[in-house]
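Student: I have a structure to read and I am new to it. Please take me through some of its features one at a time.

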Amino acid sequence: MPAEPRADAPMAVVPSWIEVHCRIPDGFRRGRPFRLYDGQLLWFSNFYLVRGTAEFDPVNPIYSTAFRYRRGLDIGPQKVGKSPKSAAHICLEAVGPSVFAGWAGEDDGYACADHGCGCGWEYAYEPGEPMGMLRPTPWIQIIAVSEDGTGNVYKALRPMVELGPLAFLMPKTGENFIRLPGDGLIEPVTSSDTSRVGARGTFVVETEVGFYTPRNGMTKVADTLHRNLAGMSARAALESNSWDPSQHSTAQTEYELAQSGKVDDVYVQVTWPPKNLSFANKAERRKILRIVYPEDTRRENGGHVELEAIEGEAAAMVEKDPSQASRFFGNGLASGGGKAFDLEAWRARAVKVPFVVPRGTLITIGFDGSKRWDHTSMIATVVATGYQWPLGIWRPELYPGHEIPAAVVTNTLDQAMGDFDVWRVYADPPYWEDTIAGWQGRWGKDRVIEWWTNRPKAMGDSLRSWHEGIRTGAVTHC
């Protein structure tokens, strides 16, 4: 009978090796063994998940194709431990058992003494467990938009090496690079010098991929890098805070591609906060923080995260930039300056059953007009329920000369005035001053009100109220 097919299995030697060889890089526990949090353990278990179909050839070993995932994306809030985890990952890829070395038999094991490490550590494999070995001539790069980005990882990496047994294998940890046995290299690279992103890389940590955008050219760099890694049978570990959806970053495209089901070999690790909680609300923010910062990372449970300190910084940032605070500390997909609203929340407020507003209903109307270069719209809102629907949306390219006829818009308003009890019409005047003045002459200035949208405070207050209405469900739409 044919043998039972193997199931995919993690290389359990990986986290064990990390906890023995890597050291905590800073703080009161500086120099102690680097114990993996549950989330970090989950990351390594999946990143080094070996395909059950993988076969080992000692003459020509396979590299990336032995594993279930060709790269991974770790999305988490500030200070949850992504950079130290990436530093430990680099140590493993540099001088640890990161390459699949076949399936263990009876009495198989990994001994550091066989790989130039004098720490004396040994690991006994279970029969059938995937084994690991060193990759020859590793060339590892840390890539980020800024020096601060690469520095977060590199500054954790150097003491992680220097304070433990890895100092014997990597005795020269310089400011700009680290030499590895067998002419290998670890080097940080920023967007200012992407020409150094080489085609011979064996492993890459890409930090801050939420800031890799088409505008700064880093999405193109990432695409080129991933093609190069494929040619070397190499892999990448991507890390990011949650991103601004308006910027179309590498983090967003990688995540959405994985979620779409079009690719199944990119591992994504993330804990999103509940959509019904607002980061701007203090009580709800505390609930979010306790969700996105796992229990074992918190100081009261032996971790490093001070939730009170995080809360203090988050509360201050909420006052200045709520979307950034939500992304950095709440791990929420809040839009930044390029995008005012959460489109998913807006879509969730659409009514599921077609609804016709009865004649005579008390409504208000908002009007924003353009002559040639933009859409013109007239939107109605039911005062009692917050339900919104368009009375008309006009596209200039559909009219001669690309100019929207004022008479068409006026006819729409005239019909609405007859069908409903229109309490107010709020109209933005630019390019439509004469038309709006005609509406005021017909229906009165107390019903048709000039509402200029170029007033930052008034507009900000209105947008904030609308945003809150969308969040709470006070606003619905067709």
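Student: How many bridges join β9 to β10, and do the two strands run parallel or antiparallel?

Tutor: This is a predicted model, and in it 3 bridges join β9 to β10, which run antiparallel.

Student: Which strands are joined to β8 by bridges?

Tutor: On one side, 6 bridges join β8 to strand β10 (residues 184–190), and the two run parallel. There, A144 stands opposite T190. Strand β11 (residues 203–206) is joined to β8 by 4 bridges, again in a parallel pairing. In that pairing Q141 stands opposite V204.

Student: How should I read the side chains of a strand?

Tutor: In a regular strand, side chains alternate between the two faces of the sheet. In β8, W139, Q141 and I143 point one way, while I140, I142 and A144 point the other way.

Student: Are those residues buried or exposed?

Tutor: All of them are buried. Since 6 of the 6 residues of β8 (residues 139–144) are buried, the strand is largely enclosed by the rest of the structure.

Student: What does T150 touch?

Tutor: T150 is found in helix α4 (residues 147–162). Leaving aside neighbours within four places in sequence, T150 is in contact with I142, I143 and A144, and also with P188, V189, T190 and T207. T150 has a relative accessible area of 5% and is buried.

Student: How are two packed helices described?

Tutor: The description uses the angle between their axes and the distance between the axes. For helix α8 (residues 307–320) and helix α9 (residues 322–330), the axes come within 6 Å and cross at roughly 150°. Angles over 145 degrees count as roughly antiparallel, and α8 and α9 are therefore roughly antiparallel to each other.

Student: Which residues make the contact between α8 and α9?

Tutor: From α8 the contact uses I310, E313, A314, M317, V318 and K320. From α9 it uses P322, Q324, A325, F328 and F329.

Student: How many aromatic pairs does a search of the whole structure find?

Tutor: The search finds 21 aromatic pairs. In one of them, the rings of W389 and F420 have their centres 5.6 Å apart and their planes at 70°, so the pair is edge-to-face. W389 lies in strand β16 (residues 387–394) and F420 in the loop between α11 (406–419) and β17 (421–428), so the pair ties together parts that are 31 residues apart in sequence. Both W389 and F420 are buried. Elsewhere, ring pairs link W43, F47, Y48, F67, Y69, F203 and Y267 into a cluster.

Student: Which charged ends sit over a ring?

Tutor: The charged end of R135 sits over the ring of Y63, at 4.0 Å from the ring centre. Another case is R285, whose charged end sits over the ring of F279, 5.8 Å from its centre.

Student: Is A7 buried or exposed?

Tutor: A residue counts as exposed over 50% relative accessible area. A7, in the segment before β1 (9–10), has 58% relative accessibility and so counts as exposed. Not counting residues up to four places away in sequence, A7 touches G52 and W103. A7 and G52 are 45 residues apart in sequence, and their C-alpha atoms are 4.7 Å apart in space.

Student: Where does G303 lie, and what does it touch?

Tutor: G303 lies in the loop between α7 (282–292) and α8. With residues up to four places away in sequence not counted, G303 touches R29, Y37, D296, T297 and R298. At 7% relative accessibility, G303 counts as buried. G303 and E433 are 130 residues apart along the chain, and their C-alpha atoms are separated by 62 Å.

Note on methods
Residues are numbered from 1 along each chain as its sequence is written. This is a predicted model: local features need pLDDT of at least 70, side-chain atom pairs count only at pLDDT 80 or more; totals for chains, interfaces and linings use all residues. Side-chain values use heavy atoms; hydrogens and water are left out. Buried means under 20% relative accessible area, exposed over 50%, partly exposed in between (1.4 Å probe, protein chains only). Two strands pair if DSSP finds at least two bridges between them. Rings of Phe, Tyr and Trp (its six-membered ring) pair if their centres lie within 6.5 Å; planes under 30 degrees apart count as stacked, over 60 as edge-to-face and the rest as tilted. A charge sits over a ring if NZ of Lys or CZ of Arg is within 6 Å of the ring centre and within 35 degrees of the ring normal. Contact means heavy atoms within 4.5 Å. Axes are lines fitted to C-alpha atoms, for helices over the stretch in contact, and angles run from 0 to 180 degrees between N-to-C directions. Angles under 35 degrees count as roughly parallel, over 145 as roughly antiparallel, 65 to 115 as roughly perpendicular and the rest as oblique.
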